[in-house]
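Dear colleague,

Here is the structure I promised to pass on to you.

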Amino acid sequence: MSTKTSGSCLGLCVVWALCVVGTVGFGQMFWATASKSVNYYRAAQGTFGEPGTVEPGRDTGDGMDGFLGRRCRGSFTPEDGAAPLRVSVPGGCTIDEVKEARLVSGDTSGRITNRDPDAAIMSGSGAWFQWALYSLVIGIVTLLCAMVALGPVAWLVEWRSRRRRPKVSLVKPEPKVPPEKLSLTKD
């Protein structure tokens with residue numbers, strides 16, 4: 001085996017392994033962002049989360065809330081009169097009065113992030129849309145990784161089934177003439 005052949009085989013194995021890991025990692029990221037998008041959408045419609053009010057958010061300057069906006073913090077007061085909570089307020093840096101909102105708990109599963117803050121989603125908020133866009137992009141990357149990761153498996157299944165398949169020809173065979181009808185002499 002030449003060095004060039006073994007080097008390209010090793011490179012393909014490394015790419016394949018990275019795509020297997022990428023499929024698992026990006027798959028979990030896709031699930032987390034899609035879940036967050038759905039939860040934020042349902043909260044903006046008033047069908048998910050704990051109801052309450054949120055005070056005006058302020059820009060903390062400590063980074064981004066996703067990629068599309070600054071991280072804002074606010075104070076969420078539940079309807080049942082419990083103690084106010086410090087929460088993330090997507091799109092809340094621009095509000096100037098107390099507004100009704102729904103509390104959506106942050107994901108603390110530790111698979112993707114363990115610092116996902118609770119969020120106060122105001123009625124009609126479009127914060128879900130950015131997470132839907134993230135889900136779309138991450139879903140496409142996951143699909144591409146899965147295609148590369150599962151490519152060798154699919155090829156092996158196809159190869160094995162092709163070996164077991166009977167050989168079929170689309171060419172119509174010539175009619176067989178019985179040997180009695182074949183004659184080399186003229187009668």
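What follows is a short account of what was found.

This is a predicted model, in which local features need pLDDT of at least 70 and side-chain atom pairs count only at pLDDT 80 or more, while totals for chains, interfaces and linings use all residues. Residues are numbered from 1 along each chain as its sequence is written, and side-chain values use heavy atoms, with hydrogens and water left out.

The chain contains two helices and six strands, taken as DSSP runs (H or I of at least four residues for helices, E of at least two for strands) and numbered from the N terminus. Along the sequence their order is α-β-β-β-β-β-β-α. Of the contacts in the chain with a separation of 6 or more, 64% are between residues 24 or more positions apart, a contact being heavy atoms within 4.5 Å. Among the 187 residues, 24% count as buried, where buried means under 20% relative accessible area, exposed over 50% and partly exposed in between, with a 1.4 Å probe and protein chains only.

The unreviewed UniProt entry annotates residues 9-31 and 131-157 as "transmembrane region"; its positions are given in the numbering used here, feature names are shortened, and such annotations may be inferred rather than shown by experiment. In the model, residues 9-31 are 100% helix and 0% strand, with end C-alpha atoms 33 Å apart, and residues 131-157 are likewise 100% helix and 0% strand, with end C-alpha atoms 37 Å apart.

Contacts link the two helices. Thr-33, in helix α1 (residues 3-44), counts as buried because its relative accessibility is 10%, and, leaving aside neighbours within four places in sequence, Thr-33 is in contact with Trp-131, Tyr-134, Ser-135 and Ile-138. Ser-135 lies in helix α2 (residues 127-164) and, at 7% relative accessibility, is also buried. Not counting residues up to four places away in sequence, Ser-135 touches Phe-30, Thr-33 and Ala-34, and its side chain reaches the backbone nitrogen of Ala-34 at 2.9 Å.

The largest nonpolar core has nine residues, namely Tyr-40, Ala-43, Ala-44, Val-104, Ala-119, Ile-121, Ala-127, Trp-131 and Tyr-134; a core here is a set of buried Ala, Val, Leu, Ile, Met, Phe, Trp, Tyr and Cys residues joined through side-chain atoms within 4.5 Å. To this core α1, β6 (119-122) and α2 each supply at least two residues. A second, separate core of eight residues includes Val-87, Val-89, Leu-103 and Ala-120.

Gly-91 is in the loop between β4 (85-88) and β5 (99-104) and counts as exposed because its relative accessibility is 57%. Although 36 residues separate Gly-91 from Ala-127 in sequence, their C-alpha atoms are 6.9 Å apart in space.

As for the cysteines, the structure holds zero disulfides, a disulfide being a pair of cysteine sulfur atoms within 2.5 Å. Cys-145 is in no disulfide, and the nearest cysteine sulfur, that of Cys-19, is 4.6 Å away. Cys-145 is buried, with a relative accessible area of 12%, whereas Cys-13, at 44% relative accessibility, counts as partly exposed.

With best wishes

Key:
Polar contact = N/O pair within 3.5 Å; in protein donor to acceptor, adjacent residues only side chain to side chain.
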